[in-house]
Structures are given as structure tokens and as C-alpha cells.
Amino acid sequence: MSLRRPTCRPRVEGDREQEIRDATAEVLAEVGYDRLTMDAVAKAAQASKATLYRRWETKASLVLDTLCTLKAGPETPIDTGSLRGDLIAVFGTPTGFVNDRALTIFSSVLTAIATDEELAAGFRERFLGPKLAVSREIYTRAKERGEIRADLDLDLLEPALPGIVLHRAIVLGEPPRGTSSCA
């Protein structure tokens with residue numbers, strides 16, 4: 001009697017995992033969240049659907065993981081000594097709000113956030129949560145330096161900059177400009 005070892009499913013990791021995320025971002029940018037399918041990502045990544053499902057159980061989990069790898073800005077804000085400098089250092093970089101590709105991808109998931117509970121919950125916790133924490137730290141330091149009023153509601157202020165940028169870009173059709181125009 002021979003003992004057969006159970007076959008292990010290989011994990012998707014490292015460079016291959018990033019290749020699949022990159023393909024997901026490309027498909028998101030091309031067709032949007034609603035029309036993105038695991039089939040389309042598998043084709044773009046030259047992988048099987050089974051490979052995708054080994055790592056990501058759902059389309060929402062794949063897209064959320066992809067968004068989190070695209071997120072701009074440091075986990076800890078840079079302290080330049082001024083509110084304006086801090087905001088430019090964190091959000092005014094080529095990987096920040098002025099990144100057309102990231103804006104296109106983000107725009108493609110906006111409607112899905114309103115209708116896909118799994119994506120919305122993960123998006124708020126994993127994507128927005130760290131960004132809001134960085135914003136809070138920037139605004140808290142600005143309060144301490146006296147650059148903004150001490151009684152200003154940070155819960156209201158934290159999402160203001162991204163909200164303004166997205167409104168201008170998506171609603172008004174005025175894409176954000178680089179930091180050179182902010183100087």
C-alpha cells in the first residue's frame with residue numbers, strides 16, 4: 001500500500017501576485033469595476049481563474065487588494081514644518097492625487113462602493129482608514145503650530161482635501177494639477 005501525499009495548492013505570491021494586481025488595475029482602468037470579471041483579469045494576467053481564486057475569493061477582495069497596493073502616500077506623514085508643505089509632500093506627488101491612472105481606477109470603483117457591501121467595508125477600513133489617519137496627523141500638527149483653529153472639527157476636515165480633488169476631477173472634469181502649480 002502506497003501512501004500518497006495530498007497535493008498542495010501553490011500559493012500566489014511575490015512577483016506573480018503583483019503581476020495579477022497590475023493586470024487587475026489595467027482591467028479596472030479599461031472597463032470599470034462593474035464590468036471587471038475574474039475571466040478578464042485571468043486573461044490579462046495570463047493566469048487561470050483557479051490561480052486567482054486560490055488567492056482572492058471574490059472580485060471585491062481582488063480589487064480591494066489591488067487598490068491597497070496602488071494607494072498613494074506614506075503611512076506616516078512627512079513633517080515639513082507647515083500645513084501646506086505637509087499636504088504637498090503627502091498628496092501632491094506623482095503617486096498622490098495628481099496621478100491620472102490612480103484617479104481613473106478610483107473613479108471606476110466609486111459606484112461599486114455604494115452597491116457592493118464587501119467592497120465598501122474593505123475600502124473604508126483598508127484603503128481610506130490609513131489615509132484618514134495620515135490626514136488627521138497632518139491637521140493635528142497644524143493645530144499645534146497654530147496654522148488652523150484649535151476648535152476645528154478634524155473629523156470634518158480629514159476627508160475634505162480628497163473630496164475636493166475628486167469633485168473637481170470627476171464632477172467638474174478638472175483634473176488635479178501637479179505641485180508645480182501649487183508653488
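Helices in this tour are DSSP runs of H or I with at least four residues, numbered from the N terminus. The model is a predicted one.

**Stop 1: the phenylalanine cluster**

Select phenylalanine 123 and phenylalanine 127, which both belong to helix 7 and stand 4 residues apart, about one turn of the helix. An α-helix has 3.6 residues a turn, so residues three or four places apart point the same way. Both phenylalanine 123 and phenylalanine 127 are buried; for phenylalanine 123 the relative accessibility is 3%. The ring centres of phenylalanine 123 and phenylalanine 127 lie 4.9 Å apart with the planes at 20°, so this pair counts as stacked.

Across the whole structure, a search finds 3 aromatic pairs. Phenylalanine 106 lies in helix 6 (residues 100-115) and phenylalanine 123 in helix 7, so the pair ties together parts that are 17 residues apart in sequence. Phenylalanine 106 has a relative accessible area of 13% and is buried. Through these ring pairs, Phe106, Phe123 and Phe127 are linked into a cluster.

**Stop 2: charges over rings**

Keep phenylalanine 127 displayed and select lysine 131, whose charged end sits over the phenylalanine 127 ring, 4.9 Å from its centre. Then go to tyrosine 33, where the charged end of lysine 59 sits over the ring at 4.3 Å from its centre.

**Stop 3: aspartate 86 and helix 5**

Next, select aspartate 86 in helix 5 (residues 83-91). Is aspartate 86 buried or exposed? Its relative accessibility is 0%, and because buried means under 20%, aspartate 86 counts as buried. Leaving aside residues up to four places away in sequence, aspartate 86 touches Ile78, Asp79, Thr80, Gly81, Ile138, Arg141 and Arg145. Serine 135 is 49 residues from aspartate 86 in sequence, yet the C-alpha to C-alpha separation in space is 9.4 Å.

Now colour the buried residues of helix 5, which are Leu83, Gly85, Asp86, Leu87, Val90 and Phe91. Against which helices do they pack? The buried residues of helix 5 pack against helix 7 (117-144) and helix 9 (160-171).

**Stop 4: a nonpolar surface patch**

Finally, display the surface and select valine 171, a residue of helix 9. Valine 171 is exposed, its relative accessible area being 58%. Together with Leu110, Ile170 and Leu172, Val171 makes a nonpolar surface patch of about 340 Å².

Terms used:
Residues numbered from 1 in each chain as written. Predicted model: local features only at pLDDT ≥ 70, side-chain atom pairs only at ≥ 80, totals over all residues. Heavy atoms only, no water. Helix = DSSP H or I, 4+ residues; strand = E, 2+ residues; numbered from the N terminus. Buried < 20%, exposed > 50% of the residue type's maximum accessible area, 1.4 Å probe, protein only. Contact = heavy atoms within 4.5 Å. Patch = residues over 30% accessible without salt bridge, like charges linked within 9 Å, V, L, I, M, F, W, Y side chains within 5 Å. Areas by Shrake-Rupley, 256 points an atom, 1.4 Å probe, with all protein chains shown as cover. Salt bridge = Lys/Arg side-chain N within 4 Å of Asp/Glu carboxyl O. Phe/Tyr/Trp six-rings, centres within 6.5 Å; stacked < 30°, edge-to-face > 60°. Lys NZ or Arg CZ within 6 Å of the ring centre and 35° of its normal.
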